Amino acid sequence: MSDYIQNLFADRIGGKNFGKETVLYKFEKIKRARRAAEAEHPETPIIDMGVGEPDWMADPSVVERLAVEAQKYENRGYADNGILPFQEAAAAYMQKVFGVSGLNPQTEICHSIGSKPALAMLPQAFINPGDVAIVTVPGYGVLATMTRFLGGEAYALPLLPENDFLPDLNAVPPEIAKRAKLLYINYPNNPTGAVATPEFFQEVIDFAKKNEIIVVSDAAYAALTFDGYAPLSFLSVPGAKDVGVEIQSLSKAFNMTGWRLGFVAGNEKVVKAFACIKDNNDSGQFKAIQYAGAQALSTPSITERTVAKYSRRHDLLVKTLTEVGFRVKKPKGSFYLYAQAPKGIEGGEKFDTAEDFSQWLIREKQISTVPWDDAGHFIRFSVTFIADSEEAEISLMKEIARRLAGVKFVW
């Protein structure tokens with residue numbers, strides 16, 4: 001019997017070759033390397049410094065609100081494009097935490113089932129074949145994937161240390177800027193941990209107006225900032241709402257990754273277009289989760305406690321890695337630490353890529369990280385590792401130092 005299904009896959013996912021690719025993506029390589037390391041060294045537990053997911057549960061007040069709302073008959077049905085109480089809570093949150101005033105909860109905010117679907121859906125509202133979305137690299141892959149699925153082109157802007165990991169908008173060729181419809185930015189940034197400034201956001205606004213481009217600010221980590229750097233929203237800069245939207249997520253700031261809840265806020269026309277696409281993709285997040293999300297948004301102290309933990313862990317990790325030879329400094333935001341990958345080990349292995357080094361770390365030292373070779377060679381550490389006390393955090397750092405003791409990196 002012929003397998004006709006193999007001939008029917010869309011070109012955007014590989015066409016007839018779907019499922020036959022032999023290329024392994026880096027996260028699959030990490031998983032395989034981890035399994036191999038666990039099999040070869042069962043006595044040595046993996047230290048997972050790569051995971052990008054909070055280690056805490058949602059706040060008890062949020063869980064309790066969910067339990068209450070889930071029992072209400074009126075919350076059982078479709079939420080469609082959201083409930084007004086959540087939108088009102090989102091507007092109040094943007095005002096209180098970021099100083100963004102004047103957002104209309106009914107027309108300038110729409111909930112999403114997490115920020116990832118929102119990032120993926122927005123191109124469906126704007127990208128035609130041949131259009132361009134400008135994305136920064138390294139970065140979240142979904143930003144470019146949907147644009148390519150739609151027949152558009154993703155133009156990559158590198159994030160480099162010499163520019164504080166901010167994109168050089170002047171480097172965008174005029175012919176690309178002319179064809180571009182979307183510009184994605186993400187600050188605090190994954191994976192670099194870099195933060196933006198009001199001056200940079202103003203530059204983005206000016207660039208967007210000049211070239212008639214819509215800005216999509218991925219603000220998943222916006223509230224996670226340290227050491228005097230106040231949370232900053234793209235929408236807080238005058239003129240931002242004229243050119244784009246911001247996507248906020250409850251996953252990172254409120255330890256609610258599995259709850260899948262976020263919102264798109266800003267330009268009314270862009271929000272309306274997103275809501276139209278969303279209405280044809282899903283039927284809304286469970287109303288009880290939206291009410292619980294409103295509870296979280298009204299309690300910024302939840303984020304403040306989380307920020308204190310991540311800041312403390314960053315201090316510990318930077319100190320530990322510096323002592324064993326890494327060249328790192330504490331970021332101003334996010335729970336990621338972006339570290340340059342060495343060229344090799346003195347008297348030992350050479351590393352042509354960050355992936356080579358990341359594989360060595362997990363294979364030889366049972367330390368899992370995420371490599372990035374998009375704009376230089378770096379690995380990403382995360383401070384969301386599992387440790388149920390400050391003593392456990394310190395103990396884990398000592399174990400990292402022990403495993404890397406005596407290793408001399410070549411830079």
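Biologist: How many salt bridges does the rule find across the interface of domain 1 and domain 2?

Modeller: This is a predicted model, in which local features need pLDDT of at least 70 and side-chain atom pairs count only at pLDDT 80 or more, while totals for chains, interfaces and linings use all residues. Residues are numbered from 1 along each chain as its sequence is written, and side-chain values use heavy atoms, with hydrogens and water left out. A salt bridge here is a side-chain nitrogen of Lys or Arg within 4 Å of a carboxyl oxygen of Asp or Glu. Across the interface of domain 1 and domain 2, the number found by that rule is one.

Biologist: With which residue does K330 form a salt bridge?

Modeller: The closest N and O atoms of the pair are 3.0 Å apart. The partner of K330 in this salt bridge is D227.

Biologist: Where is D227 found?

Modeller: Phi of D227 is near 50 degrees, a positive value in a residue other than glycine. Helices (H or I, at least four residues) and strands (E, at least two) are DSSP runs, numbered from the N terminus. In those terms, D227 is found in the loop between strand 6 and helix 8.

Biologist: How far apart do the C-alpha centres of domain 1 and domain 2 lie?

Modeller: The bounds come from an automatic or database domain assignment. Domain 1 covers 4-56 + 302-410, and domain 2 covers 77-298. To their contact (heavy atoms within 4.5 Å), domain 1 gives 26 residues and domain 2 gives 30. The C-alpha centres of the two domains are separated by 26 Å.

Biologist: Which residues of domain 1 lose the most area to domain 2?

Modeller: Buried area is the accessible area (1.4 Å probe) that two parts lose on being put together, summed over both. For domain 1 and domain 2 the total is about 2400 Å², with 66% of it on carbon and sulfur atoms. Together accounting for 24% of what the side of domain 1 buries, the residues that lose the most are T303, K332 and Y338.

Biologist: Which element supplies the largest share of the side of domain 1 that touches domain 2?

Modeller: Polar contacts are pairs of N or O atoms within 3.5 Å; within protein, one must be able to donate a hydrogen and the other to accept it, and residues adjacent in sequence count only if both atoms are side-chain atoms. Nine residue pairs across the interface of domain 1 and domain 2 meet that rule, both residues at pLDDT 80 or more. At least two residues of the side of domain 1 come from each of strand 9 (336-340), strand 13 (378-382) and helix 12 (301-323). The largest share, seven residues, is from helix 12.

Biologist: Is A223 buried or exposed?

Modeller: A223 lies in the loop between strand 6 (214-218) and helix 8 (240-243). Beyond its neighbours within four places in sequence, A223 is in contact with Y93, F98, P231, A253, T303 and V307. The C-alpha atoms of A223 and A253, 30 residues apart along the chain, are 6.1 Å from each other. Since buried means under 20% relative accessible area, exposed over 50% and partly exposed in between (1.4 Å probe, protein chains only), A223 at 9% is buried.

Biologist: Which residue is joined to P188 by a cis peptide bond?

Modeller: P188 sits in the loop between strand 5 (180-186) and helix 7 (198-211). P191 lies in the loop between strand 5 and helix 7, and the peptide bond from N190 to P191 is cis, with omega near 20 degrees. For the cis bond to P188, omega is about -10 degrees and the joined residue is Y187.
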